[in-house]
Amino acid sequence: MDHVLYIADRYILTPYVYPASWPEDEALRQIISLWVVTMIGAELLYLGFAALNFYTVFDHKLMKHPQFIKNQVRQEIQLGVNSIFWMSFPTVALFFWEVKGHSKLYDHISESSLGWAGVILSIAGFLFFTDMCIYWIHRWMHHKLVYKYLHKKHHIFKIPTPFASHAFHPLDGFLSSLPYHVYPFIFPLHKVVYLSLFLFVNFWTISIHDGDYRIPGPLICVINGAAHHVDHHLHFIYNYGQYFTLWDRLGGSYRHPSALLGDGSHDHVRKLMAEAAKTK
């Protein structure tokens, strides 16, 4: 985040916001700046790309599904915006620790002992590590002693839209995001790659809530896409994974997507519409 903070300072905060007497490297100023940049950036990212997905990818016929609740989109947005606001506070603590040089993030490819191969391996490692951690965090969230206090808010949306992607209890959202932030404190990672993966994670989270169940045939059993995730929303105890189906298979919680067996949400809506047409 030091690159983001530098750009914000150079072009906005130093010339237009803070007094000249307040040094850019002063801790309190950095914390405030990181919070503002993180909160506003995350809100815009969520609202912008969820809206783009909602109007270009999401099948609005799904809103006719009997389990699509009244005023659902508004509820998703309200919960998502509120969650991101509160999540930004603990997240900034991790970003500040990173900016102060306590992570294993690096600036130049030459700093990687394996060069470009190290960068590629670090991306694979990030995906594997975060997918594994999120699986077990997510599964823990479904424990009966935890579920009703944290994760239940997300599961009121049985037929999610892209706006449900960030519609969590703030603590639920922060704990689910923790593996992304922890990874660069354990393993080396290029700073630009880290920021790119941060964007990717948000895009992916939106995409698995968008109702587009298309997956290339050979990858159906590997990639945890929207078809897998909507079954998680509907049936609760399956498909906890984030990107892959590996941990669901190892943990005995994998379910082949109903949508790919002709028994998904789209199929139910089509049947309802066909029945309604017959009665006219």
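Tyr46, Phe54, Tyr55, Phe58 and Phe163 form one aromatic cluster. Rings of Phe, Tyr and Trp (its six-membered ring) pair if their centres lie within 6.5 Å; planes under 30 degrees apart count as stacked, over 60 as edge-to-face and the rest as tilted. The model is predicted, so local features need pLDDT of at least 70 and side-chain atom pairs count only at pLDDT 80 or more, while totals for chains, interfaces and linings use all residues. Residues are numbered from 1 along each chain as its sequence is written, and side-chain values use heavy atoms, with hydrogens and water left out.

In total, the structure holds 25 aromatic pairs. One of them joins tyrosine 135 and tyrosine 240 in an edge-to-face arrangement, with 5.8 Å between centres and 85 degrees between planes. Tyrosine 135 belongs to helix α4, whereas tyrosine 240 sits in the loop between α8 and α9, so the pair ties together parts 105 residues apart in sequence. Helices (H or I, at least four residues) and strands (E, at least two) are DSSP runs, numbered from the N terminus. Tyrosine 135 is buried, at 0% relative accessible area. Tyrosine 240 also counts as buried, at 5%. Here buried means under 20% relative accessible area, exposed over 50%, and partly exposed in between (1.4 Å probe, protein chains only).

Nonpolar cores were examined next. A nonpolar core is a set of buried Ala, Val, Leu, Ile, Met, Phe, Trp, Tyr and Cys residues joined through side-chain atoms within 4.5 Å. The largest has 26 residues, of which Leu34, Phe126, Tyr180, Leu189 and Tyr243 touch the most other members. At least two residues each come from α3 (72-99), β1, α4, α6 (170-186) and α7. Helix α4 gives the largest share, six residues. Beyond its neighbours within four places in sequence, phenylalanine 126 is in contact (heavy atoms within 4.5 Å) with Tyr180, Tyr183, Leu189, Leu197, Val201 and Tyr243. Another core, of 17 residues, lies apart from the largest one; its members include Ile84, Ile159, Phe163 and Ile206.

Charged side chains were also searched. The whole structure contains four salt bridges, each defined as a side-chain nitrogen of Lys or Arg within 4 Å of a carboxyl oxygen of Asp or Glu. Lysine 191 and aspartate 2 form one of them, at 2.6 Å from N to O. This pair links helix α7 (residues 191-207), which holds lysine 191, to helix α1 (residues 2-17), which holds aspartate 2; the two residues are 189 residues apart. Lysine 191 is buried at 14% relative accessibility, whereas aspartate 2 is partly exposed at 25%. A salt bridge also joins aspartate 107 and lysine 191, at 3.3 Å from N to O. Aspartate 107 lies in the loop between β1 (105-106) and α4 (116-141), 84 residues from lysine 191. Its relative accessibility is 29%, or partly exposed.

Aspartate 231 and arginine 255 likewise meet in a salt bridge, at 3.3 Å from N to O. Aspartate 231 is in helix α8 (residues 226-235) and arginine 255 in the loop between α9 (246-251) and α10 (265-279), 24 residues apart. Aspartate 231 is buried at 1%; arginine 255 is partly exposed at 25%. Through shared partners, salt bridges join Asp2, Asp107 and Lys191 into one network.

Arginine 255 also lies over the face of tyrosine 238, at 5.4 Å from the ring centre. Arginine 249 lies over the face of tyrosine 254, at 3.9 Å from the ring centre. A charge sits over a ring if NZ of Lys or CZ of Arg is within 6 Å of the ring centre and within 35 degrees of the ring normal.
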